[in-house]
Amino acid sequence: MAEPASDTLCAICPALGSEVCSSCHGIRYCSKACQKVDWPVHKLLCKKFSKDFSNDKRPQQPEFQFKRAIYFPEEGNGPQYIWLPSSGPSDEGRAVAHTHILGLKNTDLYPIDYFKENAVLHRQIDGDIVLLARIHDLNTNEAMLFGNPNKSLAKIDKELTNYWKGPLLAYGARTDVGWPDQCYDLGPVDLRHVVDYLSVAHSKRSIEQNMYTIGDGEKTRGVRFNCVSDQQICQRTQFEPMDILKSVCDGESELKATVAEKAGFPLVFRKLTFALCWRSRSHQDFSYAENPSAAFFDPGTLLDTTWLDTALRFGNPTSAIDQQMKFAKQMGSLIVVRKDGEPLTPMLMKALTEYAQQKTNEAFESENEPHTLASQVLDSISPERFRKWYSDFLFGLCEDPSVGIHEIAALYDI
Ligand SMILES: [Zn+2]
Ligand SMILES: [Zn+2]
């Protein structure tokens, strides 16, 4: 089945956008709820679109083509539309935008990236959006954004300015057509695409910094246990090694991890602040904070008898367990350390997670009384049994060509 065209979809979630903004007619939502999520961003350009940037206001000059672009002035009061003049294509085949009209030197802004997908929504967008920024030194690979924290972005979220410095400019370009049709107008929905792009880039770069990793205290090796959104949107692996302050080991765990305790590896879990790029989004059919694998660490909560009874009454326990994990465990990404302060490897975390899940599934398949399942899981686990299971797990990894031998060697050291 063909994907619905992106301009018929809700700007915030995967649903169809059956309602259109009554003020600018330039963006669609599935519901009032999604419109409300978008409003702090959309309101910044909604009225300007219909008032000063309608097609009949387009400047005409023979040597240039003017297209509606979105500019975030460094010292500005929010994003703004501009009519960006461009002339014929450059050597790379992309239209040359003339940014000197902004009062900046022509060379001051440089294309730092282009994107054709909204990573938060996993959705193709109409053309490419080219992003220009001021960067420090084009001759090194370590080109850095420089300037003051972008005040226009502070209007959207101050946190964005931790990473985004200096002015930013976004314009639409297509690579599949020749000049003069290459540039295209950006509109209200593109502001959302640009803000999502800037937020994802921010989340990718700032994710290592959190209250458990920054500080002067002694550190130990721990794991960042990424939720589904941090894996899919920010492209992080499920288990990431990370240096964590040892003081975390002494605190209370925010997630009960009875399986790990019974297996001989007491763990401490801490919840992390949700990533900026997805934290304000939610949808009735989908939660961005899902971390279903973490749910298996405490069968007592996962196999709660109240919902299990209900599920069995309706005859569909398997889908019920999915639902339980989806909606009861909105915990986002977690920091995990060993309570004894010893280093925790991503492989040991992966093993414990698979073990916990396997033991739960076995209990489920046993068709015992629902209220005995949680204790059945825990009774089947001991340090000796886990170690035996773990050596089989390692043996399986040795036969997996995608796993490096050095990764496996490190595992014996638990
Ligand atoms: Zn929606
Ligand atoms: Zn509007």
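A word on the model before we start. It is a predicted model, in which local features need pLDDT of at least 70 and side-chain atom pairs count only at pLDDT 80 or more, while totals for chains, interfaces and linings use all residues. Residues are numbered from 1 along each chain as its sequence is written, and chains are lettered from A and ligands numbered from 1 in the order in which they are written.

Let's begin with the whole chain. The secondary structure comes to 15 helices and 13 strands; these are DSSP runs, helices being H or I with at least four residues and strands being E with at least two, numbered from the N terminus. Of the 414 residues, 40% are buried. Buried here means that 20 or more other C-beta atoms lie within 10 Å of the residue's own; with 12 or fewer it is exposed, in between it is partly exposed, and the C-beta atoms are placed from the backbone. I will also talk about contacts, meaning two residues whose C-beta atoms, placed from the backbone, lie within 7 Å. Among contacts between residues at least 6 apart in sequence, 64% join residues at least 24 apart.

Now the inside. The largest nonpolar core has 107 residues, and Ala170, Tyr171, Val336 and Leu352 have the most contacts inside it. By nonpolar core I mean a set of buried Ala, Val, Leu, Ile, Met, Phe, Trp, Tyr and Cys residues joined through C-beta atoms within 7 Å. Domain 1 (41-206) and domain 2 (219-412) each give this core at least three residues; the domain bounds come from an automatic or database domain assignment. What does Ala170 touch, leaving aside its neighbours within four places in sequence? Its contacts are Ala69, Ile70, Ile129, Val130, Leu131, Leu186 and Val194.

Four strands form an open sheet in the order E11-E10-E13-E12, with antiparallel pairing; two strands count as paired if DSSP finds at least two bridges between them. E11 (239-245) and E12 stand at the edges with a single partner strand each, so one side of each is left without a neighbour in the sheet. On average, neighbouring strands are turned by 35° against each other, direction ignored. Helix H12 (residues 346-365) packs on this sheet and touches E10, E11 and E13, its direction making about 115° with that of E11. For those angles, axes are lines fitted to C-alpha atoms, for helices over the stretch in contact, and angles run from 0 to 180 degrees between N-to-C directions.

How many bridges join E10 to E11? There are seven, and one pairs Phe225 with Phe239 in E11. E10 (residues 219-225) also pairs with E13 over three bridges, where the partner of Phe225 is Leu334.

Is E13 itself enclosed or open? Five of the five residues of E13 (residues 334-338) are buried, so the strand is largely enclosed by the rest of the structure. Leu334, Val336 and Arg338 point one way, and Ile335 and Val337 the other.

Leu344 is buried because it has 27 C-beta neighbours inside 10 Å. Its C-alpha atom is separated by 5.0 Å from that of Gly222, 122 residues apart along the chain. Among the residues that Leu344 touches are Arg221, Val223, Val336 and Met349.

For contrast, look at helix H1 (residues 32-42). Cys34, Gln35, Val37, Asp38, Val41 and His42 are buried, and they fall within an arc of 160° seen down the axis, so they line one face of the helix. That arc is taken from the directions from the helix axis to the C-beta atoms. Their cover includes strand E2 (28-29), helix H2 (46-51) and helix H4 (188-206). On the other side, Lys32 and Lys36 are exposed.

Last, two loop residues. His122, between strand E6 (110-118) and strand E7 (123-133), has a positive phi near 50°. Gln235, between helix H5 (228-232) and E11, also has phi near 50°. Most residues other than glycine have a negative phi. His122 is exposed, with 10 other C-beta atoms within 10 Å, and Gln235 counts as exposed with 11. Thanks, everyone!
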